[in-house]
Amino acid sequence: MVNSEESCSTQLIDGDGAFNVTGIDHFIKDVKLGDCGLSYAVVSIMGPQSSGKSTLLNHLFGTKFREMDAFKGRHVLLMLSWSQTTKGIWLARCAGIEPCTLVMDLEGTDGRERGEDDTAFEKQSALFALAVSDIVLINMWCHDIGREQAANKPLLKTVFQVMMRLFSPRKTTLMFVIRDKTRTPLENLEPVLREDIQKIWDSVPKPQAHKETPLSEFFNVEVVALSSYEEKEEQFKEQVASLRQRFFHSIAPGGLAGDRRGVVPASGFSFSSQQIWKVIKENKDLDLPAHKVMVATVRCEEIANEKYSNFAANEEWCELEEAVQSGPVSGFGKKLSSILDTSLSGYDAEVLYFDEGVRSSKRKQLEEKLLQLVQPAFQSMLGHIRSGTLDRFKDAFDKALSGGEGFSSASLRCSTSYMAQFDEGCAGVRLDMLDVVIVQANWDTSKAQDKLQRDIDAHIASVRAAKLAEITTQFESKLNEALAGPVEALLDGANNDTWPSIKKLLQKETKSAVSGLSSALSGFDMDEVAKEKMLANLENYAKGVVEAKAREEAGRVLNRMKDRFTTLFSHDSDSMPRIWTGKEDIRAITKTSRSASLKLLSVMARSVWMMRLIILRVHLPVLWWILQTVLLLPIGRFQNMIHWPQALGNRLLFIAGILFSEIST
């Protein structure tokens, strides 16, 4: 490849038909073709061998193609020289012409090196030129115009024949450059030339679909004439300079280029050229519309993969991904949306001129892959926001309860408020919340919303249970305080009014506690069944307090009977210690003391609870038999009356042992 400040060139296809992939890739990089989008043009030149094609291109476009020395019959390159004529197809950038214009110098036709029968490469290169070029220069001798055996006729037949192999070809400009113009005015030469062209077109076999298609449907035909370079060099250069001006802005509306409907973006030129040449070499018909889609598919996919890789390695994204794992990130959605937008915008810019359907499809695939990559980070961020919302709900709920607001009212208000805040945050409505919204995504956040609602409901249930337990404990404590002491005192001074008094006390305190609990539960919006159950439990608790005290007193009843018998037996009616003189009626004192002791047992036995405790497993006749047998035994055998209380006490303990042995079996 030859480089200069103004122009650089490379051999695109060698004489054997091998495509120079490395060469064209370097060439495109050097001339920055990939940045041109659709703003570039391709010009190619065909013509007989040694007809001055390279000379014309070098003067017209400032290129450095090798030229033949007309006097010595050898080829001279301004920087290098070779011993053979142009072989294959060469590609160069035109110097100083905007937009970027590429020119292809094709191997000359009817060359003796290939021979008359070897026309395969000639047809292949002609088809290639028509497929990729906006403007095709046909270099021809002036003296061939109107001649049946003109050197350009085989070339034109070749061009028209291969044109039939292009499905839906774009309209190409054919510029016939008449070389070594004679004194005959161009106005006289052009009609003859156009007539020759039409005859050739009419003679070329065509598919049924194009039997009647005019030449103008396929080509814009232009005709220019140049003086002889060897004989009138200055005039030649002036004419070439004038012609050069027509190539400026050639792709603008009304410019020299054709309709350009099959042009591919500059970044796909290398791949497109390779694939076109491959199809031509395989001797297949070239479907340009399908080829355009194929090139777009490959290039758009390559660009999309490049953008995905760049995004995955993006330092800002990697830092964001790492940071969100440990906690919420301020501006997460905005930052991530910006990185995604940069990647997608870069893709859009590079594929702007490719087939719209293909680029849109590949963009959608790229966007899906990028969103799939960032979704775990989004879910992490969403989880942080959900946790933060739950914490704020808990604080607000606790403050509401502490401020005296009813439980049901506070739970409903706080739950509704913070769920709405979370929903608005997910939708990007709440600007005061941490940013989680990714502009390019439309993800369903219902699972996170459901999880937050479940967490809020669970916390409400937990607090409700704790509050209800606390309230219940308060009322139970009040009941215990209101019942335990008074019941114990009433049982201690057992008389006929003991149990009616206990019953009255129980009913009063239970009613008060149940009423208070019912009022306290009104703020919890409980269903009636649950509420009634709690009230019933409190009533049972009150009964349990009395029953527990009765149990306690039942466990001490025998000792109390002993103490009462001893006290009454040992003290007179004035509660003074009895002085035994031997004149006392021991039997009467004993009977009185015994009756008082039995009275205590009678009082204890009247209660339903005591009946369960004492008589549940001891039949009443058995109990009375034990009492009569033990307590009414003759006591005359005691030698000293002072020991009688102790003896009776021992008998009572004996009774207690029998009772409790019966209860425990």
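I began at E321, which is found in helix α9 (residues 315-326). Helices here are DSSP runs of H or I with at least four residues, strands are runs of E with at least two, and both are numbered from the N terminus. I noted that E321 is partly exposed, with a relative accessible area of 32%. The scale: buried is under 20% relative accessible area, exposed is over 50%, and partly exposed is in between (1.4 Å probe, protein chains only).

Before going on, I noted the ground rules. The model is predicted: local features need pLDDT of at least 70, side-chain atom pairs count only at pLDDT 80 or more, and totals for chains, interfaces and linings use all residues. Residues are numbered from 1 along each chain as its sequence is written, and side-chain values use heavy atoms, with hydrogens and water left out.

**Entry: the negative patch**

Which residues gather with E321 in a patch of negative charge on the surface? I found E315, E316, E319 and E322 there with E321. A patch takes residues with over 30% relative accessible area and no salt bridge, and like charges are joined within 9 Å. Asp and Glu count as negative, Lys and Arg as positive; His and the chain ends are not counted. The place of a charge is NZ of Lys, CZ of Arg, CG of Asp or CD of Glu. The areas come from the Shrake-Rupley method with a 1.4 Å probe, and for residues only the protein chains shown count as cover.

**Entry: salt bridges**

How many salt bridges does the structure hold? I read 13. Each is a side-chain nitrogen of Lys or Arg within 4 Å of a carboxyl oxygen of Asp or Glu.

I looked up K199 and E195. Their side chains meet in a salt bridge at 3.6 Å, N to O. Both residues lie in helix α5 (residues 186-203), four residues apart, about one turn of the helix. K199 counts as partly exposed because its relative accessibility is 48%. E195 is partly exposed too, at 45%.

Next came helix α6 (residues 233-244), where E233 and K237 lie four residues apart, about one turn of the helix. They form a salt bridge, with the closest N and O atoms 3.0 Å apart. Is E233 buried or partly exposed? At 32% relative accessibility, E233 is partly exposed. K237, at 33%, is also partly exposed.

I then turned to E405 and R413. Their salt bridge has its closest N and O atoms 3.0 Å apart. E405 has 25% relative accessibility, so it counts as partly exposed. R413 is partly exposed at 44%.

Which residues are linked in a network of salt bridges? I wrote down D348, R363 and E367.

**Entry: backbone points**

I checked the peptide bond from E98 to P99. It is cis, with omega near 0 degrees. P99 sits in the loop between β6 (89-93) and β7 (100-106).

Phi came next. K32 has a phi near 55 degrees, a positive value in a residue other than glycine. Where does K32 lie? I found K32 in the loop between α1 (21-30) and β3 (40-46). K32 counts as exposed because its relative accessibility is 55%.

H249 is not a glycine either, yet its phi is positive, about 55 degrees. Its place is in the loop between α6 and α7 (269-281). With 54% relative accessibility, H249 counts as exposed.

Methods
Patch = residues over 30% accessible without salt bridge, like charges linked within 9 Å, V, L, I, M, F, W, Y side chains within 5 Å.
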